[in-house]
Amino acid sequence: QPGESARITGIAYAVRAGVLAPDRNASYDVTLSDPNGNSHSLGSARTDAFGVFSLPLSFGANQMLGYYGIAAKGPDGNEIDGGLRVAVFKAPNFKLDVTFDHPTALAGSTVTATSQGSYLFGAPLSGAAATVNVTRDVATLAPPGWDSFTFGRQWFWPDQEPEFDTDVLQTTGTFDSQGHLTTSIPVASDLPFPMVYSVDVGATDVSNLSVDTTQTFTALAADGIIGLASDLVGTAGKPLSVQVVVTSLDGTTIAGRGVHVELQTMKYASATQLVSGGETPQNGVEYTTVESADVTSG
């Protein structure tokens, strides 16, 4: 910032006899060019055994704001360059909050996000420009009280998580006289699995100061989620106990829901180790449904 000091470091290398090596013990003339293209000398600096030099740089209290260029030229014509920016940083004097009409959304529904901007002294952030960016990703479900259960779709190697569009919505707007901005966010009707929607809202006021905040909500295909719990290892010839539960996202159990349970086995027909030569592994995996049943949660 204006009135502050900095230190610039140059690292000089040069090609000599076909070899790129540090330009050791060489004197470099260093110049600084301001945002208007005017240049003045910063003096000379000598490189050390590693081709490195360093020198201080001070800025006046009324230093011009903008991007500055730094150039250094060695005795053999070797040139290096860099740059820096002189700017004034002001802390924003307003805050930004985002709330949703539904913390959990169902597939095919619409969530209303309300952004509230206000100055720290209490006045609303009226007339400020806003940007809204909504993305989505696979949700990790963990209803409280069910730590031993696994919820949501899992992909076990060699299964791959399916591809999907992460971008949902990009829009701009203006905060009203009360500092409010309302955005309607569509939730896809064909959700392949539970997803978390991230809503990023940025606000820029008349003084060009910006504040950004992000809030999330979870989107589900139905109002209940299924959890499974079992031992990690089973014994051949003996039954394996599997527990099934249907809950809401907050962990409340839901009775009377029909659940289809299916046991599958994966038989690895072949596997080839990946070696340094770049051989592609070949994996033959056969999926077989061993047993399936429909149960009703109690």
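The legends below describe close-up views of one predicted model. Residues are numbered from 1 along each chain as its sequence is written, and side-chain values use heavy atoms, with hydrogens and water left out. Because the model is predicted, local features need pLDDT of at least 70 and side-chain atom pairs count only at pLDDT 80 or more, while totals for chains, interfaces and linings use all residues.

**View 1. Strands S2 and S3 form a hairpin.** Strands (E, at least two residues) and helices (H or I, at least four) are DSSP runs, numbered from the N terminus. Two strands pair if DSSP finds at least two bridges between them. Strand S2 covers residues 13-16 and strand S3 covers residues 19-22; their pairing is antiparallel, over 4 bridges. The hairpin leaves 2 residues between S2 and S3, and Ala 17 in the turn has a positive phi of about 55°.

**View 2. Arg 16 and Asp 23 meet in a salt bridge.** A salt bridge is a side-chain nitrogen of Lys or Arg within 4 Å of a carboxyl oxygen of Asp or Glu. By this rule the structure has 4 salt bridges. In this one, the closest N and O atoms of Asp 23 and Arg 16 are 2.8 Å apart. Residues are called buried under 20% relative accessible area, exposed over 50% and partly exposed in between (1.4 Å probe, protein chains only). Asp 23 has a relative accessible area of 4%, so Asp 23 is buried. Arg 16 has 38%, so Arg 16 is partly exposed.

**View 3. Lys 73 and Glu 79 form a salt bridge.** The closest N and O atoms of Lys 73 and Glu 79 are 3.9 Å apart. Lys 73 is partly exposed, because its relative accessible area is 44%. Glu 79 is exposed, because its relative accessible area is 54%.

**View 4. Asp 223 and Arg 257 join two loops.** Their side chains meet in a salt bridge of 3.0 Å, N to O. The pair links distant parts of the chain: Asp 223 lies in the loop between S17 and S18, Arg 257 lies in the loop between S19 and S20, and the two are 34 residues apart. Asp 223 counts as partly exposed because its relative accessibility is 42%. Arg 257 also counts as partly exposed, because its relative accessibility is 30%. Elsewhere, salt bridges that share partners join Arg 16, Asp 23 and Asp 76 into one network.

**View 5. Strands S13, S18 and S19 make an open sheet.** The sheet has 3 strands in the order S13-S18-S19, with antiparallel pairing. Strand S13 (150-151) and strand S19 (242-247) stand at the edges with a single partner strand each, so one side of each has no neighbour in the sheet. Between S13 and strand S18 (residues 225-230) there are 2 bridges, in the antiparallel sense. Thr 150 stands opposite Leu 228 in S18. In a regular strand, side chains alternate between the two faces of the sheet.

**View 6. Trp 155 and Phe 193 form an aromatic pair.** Rings of Phe, Tyr and Trp (its six-membered ring) pair if their centres lie within 6.5 Å; planes under 30 degrees apart count as stacked, over 60 as edge-to-face and the rest as tilted. The structure holds 10 such pairs. The pair of Trp 155 and Phe 193 is edge-to-face, with 5.2 Å centre to centre and 85° between the planes. Trp 155 lies in the loop between S13 and strand S14 (167-174) and Phe 193 in the loop between strand S15 (180-186) and strand S16 (195-204), so the pair ties together parts 38 residues apart in sequence. Phe 193 is buried, because its relative accessible area is 5%.

**View 7. Tyr 197 and Phe 217 form a stacked aromatic pair.** The ring centres of Tyr 197 and Phe 217 are 5.1 Å apart, with 15° between the planes. Tyr 197 belongs to strand S16 and Phe 217 to strand S17 (residues 210-220), 20 residues apart, and the pair links distant parts of the chain. Both Tyr 197 and Phe 217 are buried.
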